[in-house]
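Subject: Structure for your files

Hello,

Here is the structure I said I would pass on.

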Amino acid sequence: MSQRVPSEERPPARPDPIQPSTARIVDAAPAPSHGLLLATYLWLCHPIRLLLVVAPVLLTLELLWASGLRLLPIPAASTLLAAVLALAGGSLLDEYLAFERAAAHGRTNEPGLSHLPGARMATSPVYTLTVLRLSISLLALGALAGIPSALSGGVWTIILGVGALLLAFLYSATSYAWKRLPASAVIVALALGPGLVFATTLAQHQPISWPILTLGLALGCAALTCAQAHVLASAAATTTASRRAGRILCALALVGAYAFAVILASFWGIFTGAVAAFLSLPAAVLALTGIMRAQSPIVRALALRQMTRAYLLYALWLFTGILAAYLIIRFAHALA
């Protein structure tokens with residue numbers, strides 16, 4: 001007959017397996033790969049915006065080269081690299097500060113604000129302080145990269161370079177950023193248009209001629225359309241009067257871009273190729289229509305992307321037209 005084991009002498013029951021906590025699951029998540037982090041940082045730099053500084057530099061160099069001048073490669077590369085690094089650093093700094101301001105007001109996770117500056121940081125697998133350090137590093141590298149161009153161009157190139165760096169830093173920094181000023185779009189357009197064109201020309205030891213001035217004003221007006229569209233898209237709360245004034249300014253800037261293209265073509269020779277810029281007019285009108293009719297902030301953000309695309313088409317056709325005019329003139333001289 002079997003004897004029952006007293007309860008106090010029974011072997012303890014096998015404990016249930018310990019389930020990992022939520023914190024452990026989060027801690028055990030694999031870290032983002034280096035490729036993913038690099039792509040994320042590039043995404044935070046808004047790579048499409050980098051073309052806003054590449055286009056003026058390349059167009060100026062093309063115009064000087066097509067005019068029969070011999071380009072200086074080191075100052076040319078220095079100007080282009082410095083402009084790209086400065087704008088990339090400024091874009092990162094703008095994203096970081098916008099994210100911090102939104103976080104301070106508890107607005108980083110609102111889906112209705114996903115189009116605003118700083119929203120990309122909320123969904124990025126990066127550390128915020130790393131973004132800040134990287135932005136400052138890119139601005140510093142931009143200053144170093146621009147030294148050969150500044151030494152080649154002289155005092156005015158140094159002034160333009162220092163002004164561009166200050167604009168890139170103060171555009172979103174300080175308690176009252178420059179981008180909140182009513183004329184912020186005009187300031188940005190002057191830097192992306194005449195500022196870059198003049199700095200590139202002076203670094204090549206060339207004076208500011210009328211065609212160069214016209215090219216700078218044409219690209220400045222084209223950049224103003226993008227800058228003003230950005231103001232309309234990123235403003236969290238704007239009055240009806242301010243939106244109407246912004247749309248009128250955007251329309252006037254677009255008209256000015258094509259008017260200056262006509263003036264540039266009137267100088268004849270290789271400059272007649274500037275009329276090719278009108279091939280981008282349908283895309284520009286479509287983007288302007290979107291800006292004029294957009295009511296919600298998300299739709300205005302879509303109109304901003306369309307206007308940026310129109311700017312790129314404008315610069316591309318301007319570049320192609322001048323190059324085509326140069327090749328046609330050279331071919332005609334070869335046959336003569």
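This is a predicted model: local features need pLDDT of at least 70, side-chain atom pairs count only at pLDDT 80 or more; totals for chains, interfaces and linings use all residues.

Nonpolar cores

The largest nonpolar core has 62 residues. Within this core, the residues that touch the most other members are Leu219, Met307, Tyr311, Tyr314 and Leu318. Two or more residues each come from helices H3 (47-66), H4 (73-104), H9 (184-203), H10 (210-234), H11 (240-265), H12 (281-293) and H13 (297-335). H10 contributes the most, at 13 residues.

Leu219 is worth a look on screen. Leaving aside residues up to four places away in sequence, Leu219 touches Pro56, Leu59, Gly193, Val197, Tyr311, Tyr314 and Leu318. There is also a second, separate core, made up of 17 residues, with Tyr41, Ala88, Tyr96 and Val131 among them.

Helices H8 and H9

How do H8 and H9 pack? The angle between H8 (residues 155-170) and H9 is about 150°, and their axes are 10 Å apart. Angles over 145 degrees count as roughly antiparallel, and H8 and H9 are therefore roughly antiparallel to each other. The crossing of H8 past H9 is left-handed.

On the H8 side, the contact is made by Trp156, Thr157, Leu160 and Leu167. H9 supplies Ile187, Val188, Ala191, Gly195, Phe198, Ala199, Leu202 and Ala203. Sorted by class, the contact of H8 with H9 comprises 10 nonpolar and 2 polar residues, with no charged ones.

Regards

Note on methods
Residues are numbered from 1 along each chain as its sequence is written. Side-chain values use heavy atoms; hydrogens and water are left out. A nonpolar core is a set of buried Ala, Val, Leu, Ile, Met, Phe, Trp, Tyr and Cys residues joined through side-chain atoms within 4.5 Å. Buried means under 20% relative accessible area, exposed over 50%, partly exposed in between (1.4 Å probe, protein chains only). Helices (H or I, at least four residues) and strands (E, at least two) are DSSP runs, numbered from the N terminus. Contact means heavy atoms within 4.5 Å. Axes are lines fitted to C-alpha atoms, for helices over the stretch in contact, and angles run from 0 to 180 degrees between N-to-C directions. Angles under 35 degrees count as roughly parallel, over 145 as roughly antiparallel, 65 to 115 as roughly perpendicular and the rest as oblique. A crossing is left-handed if the near helix is turned anticlockwise from the far one by less than a right angle, and right-handed if clockwise. Ala, Val, Leu, Ile, Met, Phe, Trp, Tyr, Cys and Pro count as nonpolar, Asp, Glu, Lys and Arg as charged, and the others, Gly among them, as polar.
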